[in-house]
Amino acid sequence: GAPRRPPAPGRAPPASASRGAVQVRAAIAMPNPGTPVTYNETGKWRETFDLAAWASEVRAVEKELKADIDQDDVKHLNKILTWANAFYFGGLAILFATPFLTNAFNAIGGVNPIAAFCMSTAICARWTMVGHHVCHGGYNTAQSENGVVTGRFHRRTFAKGLARRITDWMDWMMPEAWDVEHNHLHHYQLGESADPDLVERNMTPLRTGKLPMIARYGQVVGLALIWKWFYYAPNTMKEMYGRREREAKKNGEDFENPFQTGELPSTVATVAAGAFKGQFAALIETAKCFAPYATFQFAVLPAIGYAVGGASMAGAVLATSILADVMTNIHSFIIIATNHVGDDIYRFETETKPRSDDFYLRAVIGSANFRTGGDVNDFFHGWLNYQIEHHMFPDISMKQYQLAQPKIKAICEKHGVPYVQESVWKRVVQLADVMVGKRNMLVWERGD
């Protein structure tokens, strides 16, 4: 049947509004659990919800899934990696062979959109499926024995250091920085003020600015073209150095985070602005972060093109690499930025403890799934179509998410927990509308 979704008004009214709001005691954790809480229409499911009973069933599923991770999961990961490599090297083969077979792309400067699409798909896959799940530890149990790493896909060693970054997962982001920003802050503070990926908060300047709506939507489109290097990479560096700064202060040592943007994200624009003021530390760190991926994609590949076919091929390879990067930005923006935003998705003004019952619940009501099922469908969704289950159990394999999804959905339906699952294209509309200020997210503490 159709996925369960709570009513989704664009802006939740105050508790005093005449929307049938009722006064009840909190069924699950609130800032002051013993105080009365007013539930709005969207929060009526909370009136009789039994968190402990729901969480007990969820934990049983988690235990079953983790016990099932073995070499079959690693084989499945290798299959997905093989698909990614086939797209990338197939794209390169098409790119270098095409000029010798046809001059069809000469009219557009030799840019090869077919090769760019293949390369783009592979770059996205290496991040969202291989790097993502390995760095979460989804394969640790099958890649270690008695505490000793026995395989390539263990989070302790995967993509760590320059050499492993080049061979395992090379992208705009530094894996160690992404680990702090994503695996720790985003996953364990989902939808809270400390979540670096809280879209509604991050887009405050655009949401509250004076630009006309058409210009706001234009900025959303522009960001989708460049977001990985413009926003995501520098912001992961900010969070990594922020963590080091906190640890240094705790130890009585001096250390200053070069990325100083407060609650708002660090971007290439804020880094450049700092450089114009004579503050070059953030610029230097960002350049070091960018260097491996940018050097290979935009210098090494064109140099190979020059060696094979002269200046014209070098130009075509460079232009195609740039197009591939734009395409992979758009692809990843569509399947990533949409995961935790919408007027049917909750954000939170209070903190919760990792692995608590509340933690599991927030993973569900603070996330949205897309269409799930089948390796091909899941591949092109970057396996981010299992976002609910992924935030509940971040350290299981891709194969296990396919098994988890119908079980978690059934438990949520049984207990009346909103389980949002829609086409990714509908979620893109939700994302864009929240980014420009047309829609607002639900707020847990407000009784939504």
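Visitor: Why is R155 called partly exposed?

Guide: The relative accessible area of R155 is 26%. Buried means under 20%, exposed means over 50%, and partly exposed is what lies in between, with a 1.4 Å probe and protein chains only. R155 is therefore partly exposed at 26%. This is a predicted model, in which local features need pLDDT of at least 70 and side-chain atom pairs count only at pLDDT 80 or more, while totals for chains, interfaces and linings use all residues. Residues are numbered from 1 along each chain as its sequence is written, and side-chain values use heavy atoms, with hydrogens and water left out.

Visitor: What makes the pair of R155 and C135 a polar contact?

Guide: A polar atom of the R155 side chain lies 2.7 Å from the backbone oxygen of C135. A polar contact is a pair of N or O atoms within 3.5 Å; within protein, one must be able to donate a hydrogen and the other to accept it, and residues adjacent in sequence count only if both atoms are side-chain atoms. The 2.7 Å of this pair therefore meets the distance limit. R155 sits in the loop between β4 (148–149) and α4. Leaving out residues up to four places away in sequence, R155 touches others too, among them D179, N183 and H184; a contact means heavy atoms within 4.5 Å.

Visitor: Why is N385 called buried?

Guide: N385 has a relative accessible area of 0%, so it counts as buried. N385 is placed in the loop between α12 (375–380) and α13. Apart from neighbours within four places in sequence, N385 is in contact with N369, F370, R371, T372, N377 and D378.

Visitor: What makes α5 a mostly covered helix?

Guide: Eleven of its 14 residues are buried, including W178, D179 and N183. The buried residues of α5 pack against α3 (113–135), α4 (161–168), α8 (213–250), α11 and α13.

Visitor: How do you know that the buried residues of α1 lie on the same side of the helix?

Guide: The buried residues of α1 are L51, W54, A55, V58, V61, E62 and L65. They cover an arc of only 120° around the axis, so they are on the same side of α1; the arc is taken from the directions from the helix axis to the C-beta atoms. The exposed residues K63 and A67 are on the face turned away from that buried side.

Visitor: What makes one space a cavity and another a pocket?

Guide: On a 1 Å grid over the protein atoms alone, a cavity is a set of points where a 1.4 Å probe fits but cannot get out, whereas a pocket is an open set with protein on both sides within 12 Å along at least five of seven lines; lining residues have an atom within 4 Å of a point. Grid points are joined across faces, edges and corners, and a volume is the space filled by probe spheres set on the points. The largest cavity has a volume of about 50 Å³, and the largest share of its lining, three residues, comes from α11. The largest pocket holds about 710 Å³.

Conventions. Helix = DSSP H or I, 4+ residues; strand = E, 2+ residues; numbered from the N terminus.
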